[in-house]
Amino acid sequence: MNTADTSTKYLVNLLMKSYQDHAEIIKVDTKIQLNRSILIDVLDKLRCLIFPGYFGKKNISSSSVEYYAGDLLEDVTFHLSAQIARALHHRANLENIPEELIIKEGEKLCFTFLSKLPEIRELLAADVSAAFDGDPAARSKDEIISSYPGLYAIMVSRLAHVLYTLDVPLIPRILTEHAHSITGIDIHPGAVIGHHFFIDHGTGIVIGETTIIGNHVKLYQGVTLGALSTRGGQVLQDVKRHPTIEDHVTIYSGASILGGTTIVGEGVVIGSNAFVTKSVPEKTKVSVRNPELQFKTEGMSQWSHEEFRQEEFWDYVI
Amino acid sequence: MNTADTSTKYLVNLLMKSYQDHAEIIKVDTKIQLNRSILIDVLDKLRCLIFPGYFGKKNISSSSVEYYAGDLLEDVTFHLSAQIARALHHRANLENIPEELIIKEGEKLCFTFLSKLPEIRELLAADVSAAFDGDPAARSKDEIISSYPGLYAIMVSRLAHVLYTLDVPLIPRILTEHAHSITGIDIHPGAVIGHHFFIDHGTGIVIGETTIIGNHVKLYQGVTLGALSTRGGQVLQDVKRHPTIEDHVTIYSGASILGGTTIVGEGVVIGSNAFVTKSVPEKTKVSVRNPELQFKTEGMSQWSHEEFRQEEFWDYVI
Amino acid sequence: MNTADTSTKYLVNLLMKSYQDHAEIIKVDTKIQLNRSILIDVLDKLRCLIFPGYFGKKNISSSSVEYYAGDLLEDVTFHLSAQIARALHHRANLENIPEELIIKEGEKLCFTFLSKLPEIRELLAADVSAAFDGDPAARSKDEIISSYPGLYAIMVSRLAHVLYTLDVPLIPRILTEHAHSITGIDIHPGAVIGHHFFIDHGTGIVIGETTIIGNHVKLYQGVTLGALSTRGGQVLQDVKRHPTIEDHVTIYSGASILGGTTIVGEGVVIGSNAFVTKSVPEKTKVSVRNPELQFKTEGMSQWSHEEFRQEEFWDYVI
């Protein structure tokens, strides 16, 4: 045995001891391991099915699109059914259920999920319109579909939400966390989101599990739709902890809206960096008061102050 | 026909119906589809050409660097010309132009773009210096080139800006959104940026399309150089909506500078979280006034307040 | 010679001139180039070793886990030793040291690093517990290990910190910047972090090089543990510039804690968006005072104001 072998052996022994000491972060002797790369590949293919011709390597003709869709659907069905079946093992009390039944259930849930693709496409077509109408920097809908991170995060969130409502464990969160890593936009798959949803820039957005968002809502980077407290930990599971945002609401960058009983009424506009923990009546503008700035120019000994003229700002914004 | 075939057929029919209903988010019967993976691969190779020896798998000797560059340039030319030609189909009113002319135009634009690489390298060499001089945590220029996300975002933005000024559709934005997804830094390819530009940390930075940034400017994480309003939507296209930042300006984390007529003068320093919607004269320090904090220690019944001693802070910072 | 050849030749000549003009951003004639894709692959395998059965494509049985670990360890040892040896060339004054000695040192440092894996696993097991106890949205520890970006950033930071303390150049920062790009969480490998560390959401977090964090600390998205000033640039290297956070501290979203002598005492809770540049005594709640909001509902001519009722908020939060 040479030195390298000895050291590897030594390290393996250390690790085996560690695996015993902390068996709670090991997963052995199960059939339930998910394969994240397969799931990401499925997600890429779902994007091709939703926006055919925009992604993937092939050009598509109107005579071939049916075969294109059929091919992709077979592939997605095969892999996603199997991953869902594995994920189902994470539901409690499945020990005595025969494996075949679980596999069947995986296939059934996958079919139900895929049959929702037309509804999801309908919502996403509205989201693309909302982005185009809301962003002067958008040159075309093609640009939005090909490159806007907000649209990608919304697409993944709409897909994951369907799996979440079907009570599929783990997979919805793996998908949305993948989108989070790509976009910096963290939408929990539990959030309920209406049509014509537009996220501009998006990095730093957090949307919590029990959030409800109406139609025609627009969010900017750094917005949090969050919980007031998580002090209760696991006791708070399934309690509504995140706000409700009604139709036609715009929330500017860095604002936080917190709390499960906080309702932001229809047509409300919330200014940058506002910190809102109570309900806001409909058609109301909300902003931080007196964000006074101070100035000191070289050679002056005093700071001068200038109150931020909020009204003027709102003239621009609203 | 077995059950699986039947279900796939059913799902395909659903989708074909959906493709008819929402044909606006489909791209068929065109030759204009871009290939994002080819574009990302081109970007990786451009990085190898800009910083030879830092990326890629080969060690390079001074005698081989010419062949290395030649190989990469041929590869980039081949793929990028073709992608540019496809992108050109997104320009309006190209129906009657023969395909060969568009292909030629793609080659010409690609050549013009690549001939700017020395200028871009010159700017990036200055950016690397600015990062090294400005960041005590930087151990070496090698560390900056190999690992700083700010430098990567700036490099991609400088490349994309050249394509943007050549009026190449879609590709500039695909490149900058790729950098956005890698770094959390969202720089629109339209932004004009001077030399010695340094971005520290960077996550959450947004720099809008019509922003102009001078030389020796330093930005921290979470800074927005944005528009006051996008209420006008597509009507505002090509209007200057984002600020002008002059030379030697530093903007600390979380500050927002908004509006197309807002000019931040030479040598200005803007403190964390300031929200600036008007011009600032040169050599001025700006900060949020009175960011008073309140404290309550266990066992006390009252909150105590302490005004944030801005002057003291500025003693440190400036 | 055809036109394409001529243009490539022209472009190569331009670049060769540029390489001469800016040789400081070229790396030729050295053996010290690191291979980032090998390093990322090593990182993926370290994750498999730390959480066996959660990642990778194979299901693992208790009888095979030893072989699984042995295989991975051999692979990691082979590649990481070589990368460390290359990185060592970036240490100063190594010109006259024989290559074999550097290779031996690479192997030695790699072995020392890998022998710390059990300690790192122990810390991470505590981090997983802290995440589960602290987040009502967490359905299971499996969900946390498979999908939480905060846990991933902490894992990479703990691994990179060991390499940092072994004075391995470049590699620690390449690893943490990879995690930064995946998660939006920017933890410098120099930061010292206790057990039961929990990061929720995480995008936009910055933790500086000389930060010290105690046990049971919880951070939310957008928190900065930063320096007051980097005006000194390279002169400040190795000076403690970032804060010390003691045990059982919670810091809510968007807060900034700045400065090398700033100590946040045991049990402190810091509210959203607070900007703290001085020490805070233990068991104290800190928040922005008077974050007053103003409201204007359609049809009203005046803005109404409402002071944010901080006490009420704290009733929820603490």
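Modeller: Two residues are in contact here if their C-beta atoms, placed from the backbone, lie within 7 Å, and please keep in mind that this is a predicted model.

Biologist: With that in hand, how many residues of chain B are in contact with chain A?

Modeller: In this model, 61 residues of chain B are in contact with 65 residues of chain A. On the side of chain B that touches chain A, the elements giving two or more residues are α1 (3–21), α8 (171–183), β13 (275–276) and β14 (284–288) of chain B, and α1(B) gives the most, with 10 residues.

Biologist: Which classes of residue make up the side of chain B that touches chain A?

Modeller: That side of chain B has 22 nonpolar, 26 polar and 13 charged residues.

Biologist: Where do strands of the two chains pair?

Modeller: Strand β15 (residues 293–297) of chain A is joined to β14(B) by five bridges, and the two run antiparallel; within this pairing, A:Gln294 stands opposite B:Ser287 in β14(B).

Biologist: Turning to chain A itself, why is α5(A) described as roughly antiparallel to α7(A)?

Modeller: Angles over 145 degrees count as roughly antiparallel. The axes of helix α5 (residues 117–134) and helix α7 (residues 149–165) of chain A come within 11 Å and cross at roughly 160°, which means that α5(A) is roughly antiparallel to α7(A). The crossing in which α5(A) passes α7(A) is right-handed.

Biologist: Which residues meet between α5(A) and α7(A)?

Modeller: From α5(A), A:Ile120, A:Leu123, A:Leu124, A:Asp127, A:Val128 and A:Ala131 meet A:Gly150, A:Leu151, A:Ile154, A:Met155, A:Arg158 and A:Leu159 in α7(A). The residues of this contact of α5(A) with α7(A) comprise nine nonpolar, one polar and two charged.

Key
Residues numbered from 1 in each chain as written. Chains lettered and ligands numbered in written order. Predicted model: local features only at pLDDT ≥ 70, side-chain atom pairs only at ≥ 80, totals over all residues. Axes fitted to C-alpha atoms, helices over the stretch in contact; angles between N-to-C directions. Helix = DSSP H or I, 4+ residues; strand = E, 2+ residues; numbered from the N terminus. Parallel < 35°, antiparallel > 145°, perpendicular 65-115°, else oblique. Left-handed = near helix turned anticlockwise from the far one by under 90°. Nonpolar A, V, L, I, M, F, W, Y, C, P; charged D, E, K, R; others polar. Pairing = 2+ DSSP bridges.
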